[in-house]
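Me: I have a model to go through with you. Can we start with confidence and then look at the core?
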Amino acid sequence: MSPSPIPTTQGGSTLALHTMLASMDNIFVELDKHGQMLFLSKVLVGFVPSEVIGKHFCTWALPQYHAEMLAALTYTFEHAQVSQYLARGYGPSGSIRWYEGRISPVIDSGQVISSVLLATDVTDRIAAEEKGRKQAELLDLFYSLPFIGMAITAPDTKRWLMVNDRLCEILGYSREELVEKSWAELTHQDYLAADIAEFNRVVAGLSEGYAMDKKFIRKDGEIVDATIDVRCVRNPQRTVDFFVATVQDISLRKSHEKRILHLANHDPLTSLPNRNLMSSQMAHDLQLARRNNTLAAILFIDLDQFKPVNDRWGHDAGDILLQVVAKRLQNCLRASDMVARMGGDEFVVFLSPLEHAANAVQVAEKIRVSITQPFDLGSQRIAHLSSSIGIAMYPVHGEDQETLLSHADNAMYLAKVNGRDRVQMFSN
Ligand SMILES: Nc1nc2c(ncn2[C@@H]2O[C@H](COP(=O)(O)OP(=O)(O)OP(=O)(O)O)[C@@H](O)[C@H]2O)c(=O)[nH]1
């Protein structure tokens, strides 16, 4: 079958038009209403024209697309309108390619007499779209990870450009609210300078990212402990296009750490600092006293006749009494002083700084008197106790804590020997 003429514009020639069509990347095909090819703008690789003309236009498409292609053709003939389809078919050298077909009606005297199919090889476009879709899906998947907050932020404004649900949950904001804010706005004051310094190093090209523990302020005003890992995405000019950050809520870990630290440094019964904490605090305060040339005092306190409380009412009653003693001791002190439970019914008070040695005796007396007040242990159990208190002064009785503690202990022992319920200053 010979190619049928395509209507030409005025002044053009059919030959020129055919040459023009053949020179284009797209393939133009004239089809009759059954889908038979009447004209082809260029010969498909591997075929001679006589093999192609007169064949059905679905011949080069995979069978699963035939119905859609025929429906498009029928539509164009029945409605005299353009139709489109997308199908996979055989391309040059037998490879399978994607083709987008656009079928336009050829109208003469109001009748659709044939149609022109413009077939465009869209394989590369579809592959690019598919790649983009897969990347978007992966990004979505990545963003929906339930455990890690994620964000993309801007290098100039520090604004959150993209945030995932988990980050919204960590910070207590909706996605819409969060993208209106910058990470700097939500960073706790104490961590802002360090975070911005690291951020500026990346912007200046001195590093590619950083990780740090910091605190954010949630929408409800609560502080949230977080660990962040920030990486940058640079453009070919090496300036930063974006920052990518992961944010993990470590509040639970921090509170466990705090609890463990508290347990390591405090007496579980009274919650007072234990020997460990007292020792490090005392080392620090003695250093200060040395530098500032001030006085300090250690009071060693041991309850008198505590054992009979346990013996009479049981260990639990003794525990209650020790807790009350802890409260009374705290009430006798200033904020800068410290009291620790050394074990059993022994407590140590560290007073620093002190103006006069007499102040240490005054505090010790106050403590002694407070312990002589009756202890209401519940269930009509009222205990009456006293205490023996030894005092050692820094620097006259010793310059290091071991010596001072030992001297205060000796003075306390002397108070016991001398009849209990008394304050005894260490003396050489
Ligand atoms: N309830 C209770 N008792 C404790 C605890 N730790 C130690 N004790 C008891 O406290 C008592 C301390 O002994 P002592 O200091 O010799 O007893 P005391 O009767 O005060 O003797 P003096 O100091 O000589 O007056 C012992 O009976 C211990 O079993 C505790 O955590 N809870």
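Reply: First a term: pLDDT is the predictor's confidence in each residue, from 0 to 100. This is a predicted model, in which local features need pLDDT of at least 70, side-chain atom pairs count only at pLDDT 80 or more, and totals for chains, interfaces and linings use all residues. Residues are numbered from 1 along each chain as its sequence is written.

Me: What is the mean pLDDT of the protein chain?
Reply: The mean is 91, and 95% of the residues reach 70 or more.

Me: Where does pLDDT stay under 50?
Reply: Over residues 1–9, for which the model has 17 contacts beyond four places in sequence. A contact means that two C-beta atoms, placed from the backbone, lie within 7 Å.

Me: Core next. How many residues has the largest nonpolar core?
Reply: It has 46, and Ile298, Leu299, Ile389, Ile391 and Ala408 have the most contacts inside it. Such a core is a set of buried Ala, Val, Leu, Ile, Met, Phe, Trp, Tyr and Cys residues joined through C-beta atoms within 7 Å; buried means 20 or more other C-beta atoms within 10 Å of a residue's own.

Me: Which strand gives the most to this core?
Reply: β11, residues 295–304, with seven residues. Strands are DSSP runs of E, at least two residues long, numbered from the N terminus.

Me: What does isoleucine 389 touch?
Reply: Leaving out residues up to four places away in sequence, its contacts include Leu299, Phe300, Ile301, Met412 and Val423.

Conventions. A residue is buried if 20 or more other C-beta atoms lie within 10 Å of its own, exposed if 12 or fewer, and partly exposed in between; C-beta atoms are placed from the backbone. Helices (H or I, at least four residues) and strands (E, at least two) are DSSP runs, numbered from the N terminus.
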